Amino acid sequence: MKTSFLFGKTTRETPSEAQIRSHQLMVRTSMIQSVASGIYSYMPLALRSMQKIEHIIREEIGNAGGQEVLLPTLHPVELWESTGRSEAFGDNLFRTKDRRNRGLVLAPTHEEVMTNLVKFNISSYRDLPIILYQIQTKFRDEPRPRAGLMRVREFDMKDAYSFDINSEGLDVSYQKMKQAYKNIFSRCGLSTIPVEADSGAIGGKDSQEFILPAESGEDLVLSCPNCEYAANVERAEGTIPSPPTQDQLPIKEVATPNQKTIPGLCKFLNIEPINTLKALFYTADGEIVFVVTRGDLEVNEIKLKNLLKVSDLRLANNTEVENKGLIAGSAGPMGIKNIKLVGDSSITKGSNFVIGANKHDFHLLNVNYERDFVVDILGDITKTEEGHGCPSCGGTLKEIRGIEVGHIFKLGTFFSEALGCLYLNDKGEQLPVHMGCYGIGVGRLLAAAIEQNHDDKGIIFPISIAPFHIHLVSLNTEKEEVVHQSNALYKDLTQTGYQVLYDDRAESPGVKLNDADLLGLPIRIITSNRNFNNDCAEVKLRNEKDSKIIPIKDISATIENILQTTG
RNA sequence: CGGGGCGUAGCGCAGUGGCAGCGCGCCUGUUUUGGGAACAGGAGGUCGGCGGUUCAAAUCCGCCCGCCCCGACCA
């Protein structure tokens, strides 16, 4: 491809709307163009990269036994109502109607329609297991699209689904897919960590996300430097610090004028947050619940939601709190009636806590769990933080920010039961299939790859997903013989089978070299008057500092050698 | 949905009531060619939209729309 022919131009300046590096670089290289918030056009360079990613995905999912299909984007809304997910997705679902006023949705994912497809094409355990996948555009009306391709409203996703006769079979499919995912990311030249993830509203046993570490990532992972443990903060179950046990002292009421926060209270009483219990009020599916946790810890709302088995959870507003007669700032779990009390297990670790006295500007000292109060539900609802203990080996957990580039998930029988995707076993019994689902966002993966592979000059593409292998940059285009010989080299490299972007423009050397750095193709070949005078060209790798002067006749062998060693 | 910011040429921005501007990019010509060249000439604008105030509005007021960031939300 000649640069003079390539659709799209590089820009020197970054549009102000692009904040993160991958977004800036993708706009400056003319890979993508924004059409509306969270909606992008993909231009030739981006598309080439995405097609390479898709090719790797197809090979690896194929190796794992997956067969490719293509499902519709428009689904009848009834299909989504039959699993309750029309309501569950709510406003995230793009909805439309056809001319006969029938409700349709633009699919955000494809469990329903895939399960439905399989339902009509299996009948016996002999038909299973099956893994099907597609690469398909998804639509989600995200509340806040952001960060270029990281979170968008229309995006291409590889989604795979496994169908097995039982949970043991599902385990096997899941492991195959997990391995396929590892292969995909490593072939894309990316380092990712598999982390335990929350399994969300559908439930299901296992769920892992593949996180690509990056400062700009939306996800927070707690990871153990000493062992393999890593979990999304939504799910992480680190061990919390325990204060030394003390003899339980008698309760004492103290005046605490205007002390409504844990830090203020601690300063006033000269104690540490770990010596306090804090009260939070949530509205859980419409019911007010009183949540108590140790003062040094935060509540993990996902864990709370799972513990309470509710679908809608938010902090209660002032009116709701006051209507229940609760006194924010001085609320405590002692003497609470007619309100569900939920406690984090941390409240049993420690003694002689300070709690609110349920009386304005008063707190109680020396309150102990069981002796002085009990909760209706006790469980782990703590947000694990850096410094907490690793649940697996006892090491100290570290926080890592990252981008979720893949998610694998055991669904169990939720969809097969709801949609009647059943098979007959060898005893003639009718049973629901056990499903798993496995997603990779293609555009997000590309953005994440750039987020992980760039410097201050531009992208540094891993060769497996670079839009071209070689950037042939011809300087001195004013010299006819240089043009002639560059053309010949371009033709030669292309015929050998390399994908070459040939910068044949009559631009100044600075412009062309900076553009080459910006786009970041892995191998650069520079032709110029002075090199051709010696029958040489210059070869430089984007991720290396120095270049080599190579005789033209040896260029092919040099490139071949580079490709062999870099994969 | 809450908080904040922004909207003026393709991009980056200046312009607080009186002729719509600058830099980059773009077009033409001449020169130039190893790290974003020089000179000369040129094209390009419903100043996000609607309404109001005013002799006069990019500028002041009101409403709306869009975009970005933080949070909420997010299979």
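**Notebook: rings, strands and domains in chain A**

I started at Tyr181, which counts as buried at a relative accessibility of 0%. I keep in mind throughout that this is a predicted model.

**Entry 1, aromatic pairs.** I then asked how many aromatic pairs the structure holds, and the count came to 9. Tyr181 belongs to one of them, an edge-to-face pair with Phe185 in which the centres lie 5.9 Å apart and the planes stand at 85° to each other. Looking up where the two residues sit, I found both in helix α6 (residues 167-187), and because they are 4 residues apart there, about one helical turn separates Tyr181 from Phe185. Phe185 is buried too, and I noted a relative accessible area of 0% for this residue.

I next turned to Phe414 and Phe415, which make an edge-to-face pair with 4.9 Å between the centres and 80° between the planes.

I looked for charged side chains placed over aromatic faces and noted two cases. Arg48 lies over the face of Phe468 at 3.9 Å from the ring centre, and the charged end of Lys359 sits over the ring of Phe362, at 4.6 Å from its centre.

I then traced the neighbours of β11. Strand β21 (residues 398-412) runs antiparallel to β11 and is joined to it by 5 bridges, with Arg401 as the bridge partner of Leu220. Strand β12 (residues 230-232) also pairs with β11 in the antiparallel sense, over 3 bridges, and there Asn232 is the bridge partner of Val221. I recorded β11 and β12 as a hairpin with 6 residues between the two strands.

**Entry 4, strands β25 and β26.** In strand β26 (residues 500-503), Val500 and Tyr502 point one way while Leu501 and Asp503 point the other way, and all of these are buried. Strand β25 (residues 470-474) pairs with β26 in the parallel sense over 4 bridges, and I found His471 standing opposite Leu501 of β26. I followed the chain from β25 through helix α12 (residues 480-496) to β26 and noted this β-α-β crossover as right-handed.

Chain A is divided into domain 1 (47-213 + 402-450), domain 2 (252-379) and domain 3 (468-566), and the C-alpha centres of domain 2 and domain 3 are 67 Å apart. I noted 15 helices and 29 strands in chain A, and a C-alpha trace that spans about 95 × 65 × 50 Å along its principal axes. Of the 567 residues, 51% count as buried. Among contacts between residues at least 6 apart in sequence, 69% join residues at least 24 apart.

Technical notes
Residues are numbered from 1 along each chain as its sequence is written. Chains are lettered from A and ligands numbered from 1 in the order in which they are written. This is a predicted model: local features need pLDDT of at least 70, side-chain atom pairs count only at pLDDT 80 or more; totals for chains, interfaces and linings use all residues. Side-chain values use heavy atoms; hydrogens and water are left out. Domain bounds come from an automatic or database domain assignment. Rings of Phe, Tyr and Trp (its six-membered ring) pair if their centres lie within 6.5 Å; planes under 30 degrees apart count as stacked, over 60 as edge-to-face and the rest as tilted. Buried means under 20% relative accessible area, exposed over 50%, partly exposed in between (1.4 Å probe, protein chains only). A charge sits over a ring if NZ of Lys or CZ of Arg is within 6 Å of the ring centre and within 35 degrees of the ring normal. Two strands pair if DSSP finds at least two bridges between them. A crossover is right-handed if, with the strands pointing away from the viewer, the path from the first strand over the helix to the second runs clockwise. Contact means heavy atoms within 4.5 Å.
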